[in-house]
Amino acid sequence: MSFAGKTGGVNDILKSLGLLLVAGSLFAGCAKLPDDGKSAKVMRFDNLRDMRYCEVFLIGGDAVTHDLDAAFYNTTDLNNTQNPRDTCPAAVWAKVDAESLKKENHVLGVFKNGPRHWATDWIQLPVGAERNFDGLYARWMGEVQLPKDVDLKKKGSSAYKPTTVARKSEMGFAKGQPVFILEDPDGMPWVMQAYSNIVDPNLSYADLQTLEEKLKPAPGWKYRVKVLDQDLTIRAVNGHARIVQDDMENTYDACFETACSYKP
């Protein structure tokens with residue numbers, strides 16, 4: 001997956017994909033990412049709603065010229081045979097050391113993202129090699145190209161600022177299930193794909209029913225919940241998807257005519 005659209009601080013870029021920079025450092029130099037996507041095969045993951053997951057980013061490229069890219073690895077469907085709903089156990093996640101992984105993988109930096117929880121029922125996308133990050137297993141699920149003006153030390157916010165990303169994926173929401181929607185000032189719905197415990201560690205799936213009480217939306221934006229009367233599918237269009245986050249770093253996909261099977 002390569003990034004396309006707005007540029008800004010690395011936080012803005014990572015947030016646009018539902019990712020937050022929370023650990024790691026980047027030093028001057030060059031590093032080549034492992035080619036873990038070369039044999040990627042399309043996989044479908046079902047029964048995802050409220051499943052907890054985390055992600056690990058490996059950052060490579062040229063830190064001097066700022067030609068940077070990142071491979072990201074997702075824990076979905078791994079790590080916990082006793083509780084498959086938690087694919088990122090807290091005790092295991094805490095042991096993931098970004099600095100040691102940077103050296104071990106010979107990359108410029110490593111970032112930890114999560115925990116998050118899926119708000120969709122299923123996803124389908126190309127999946128590559130599986131890696132062991134200090135006892136946490138995660139699969140390659142794409143790559144992101146970072147813009148040259150990236151500033152790893154500058155914090156920014158992408159809340160209510162739509163971004164376009166390049167990716168190949170589709171996700172589904174089942175009939176009878178609730179979907180959690182942001183409406184933009186033009187009335188277009190953005191459907192939540194994942195909620196975050198990064199801003200509020202105690203945010204739960206049940207809280208999404210009344211999330212408007214916690215949000216501080218930008219002018220013209222509003223939040224609502226709808227129980228689906230038919231299945232809903234959201235697809236990337238021509239290899240691109242439109243993403244937005246709220247101020248709690250929950251992530252939503254745009255639901256327009258050619259992306260959504262219908263508008264909820």
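Does C260 count as buried or exposed, and at what relative accessibility? C260 has a relative accessibility of 8%, and because burial is assigned under 20%, this cysteine counts as buried.

The overall architecture comes first. The protein contains 16 strands and three helices. Of its 264 residues, 54% count as buried. Among the contacts with a separation of 6 or more, 80% are made by residues 24 or more positions apart.

The average pLDDT is 85, and 83% of the residues score at least 70. Over residues 1-24, however, the pLDDT is below 50, although this stretch has 93 contacts in the model beyond near neighbours in sequence. Residues 150-157 also have a pLDDT below 50, and this stretch has 17 contacts beyond near neighbours in sequence. Where pLDDT is low, the predicted coordinates should not be read in detail.

The structure holds two disulfides. With bonded cysteines counted along the chain, their pattern is 1-2, 3-4.

One of these disulfides is formed by C54 and C88, whose sulfur atoms lie 2.1 Å apart. C54 belongs to strand β3, which covers residues 52-62, whereas C88 lies in the loop between β4 (67-74) and α2 (90-94); the bond therefore ties together parts that are 34 residues apart in sequence. The torsion about the S-S bond of C54 and C88 is about -85°, so this disulfide is left-handed. Both C54 and C88 are buried.

The other disulfide joins C255 to C260, with an S to S distance of 2.0 Å. Here the torsion about the S-S bond is about -135°, and the disulfide of C255 and C260 is therefore left-handed. C255 has a relative accessibility of 0%, so this residue counts as buried.

C30 has a relative accessible area of 61%; because the threshold for exposure is over 50%, C30 is exposed.

Technical notes: Residues numbered from 1 in each chain as written. Predicted model: local features only at pLDDT ≥ 70, side-chain atom pairs only at ≥ 80, totals over all residues. Heavy atoms only, no water. Helix = DSSP H or I, 4+ residues; strand = E, 2+ residues; numbered from the N terminus. Buried < 20%, exposed > 50% of the residue type's maximum accessible area, 1.4 Å probe, protein only. Contact = heavy atoms within 4.5 Å. pLDDT = per-residue confidence, 0-100. Disulfide = S-S within 2.5 Å.
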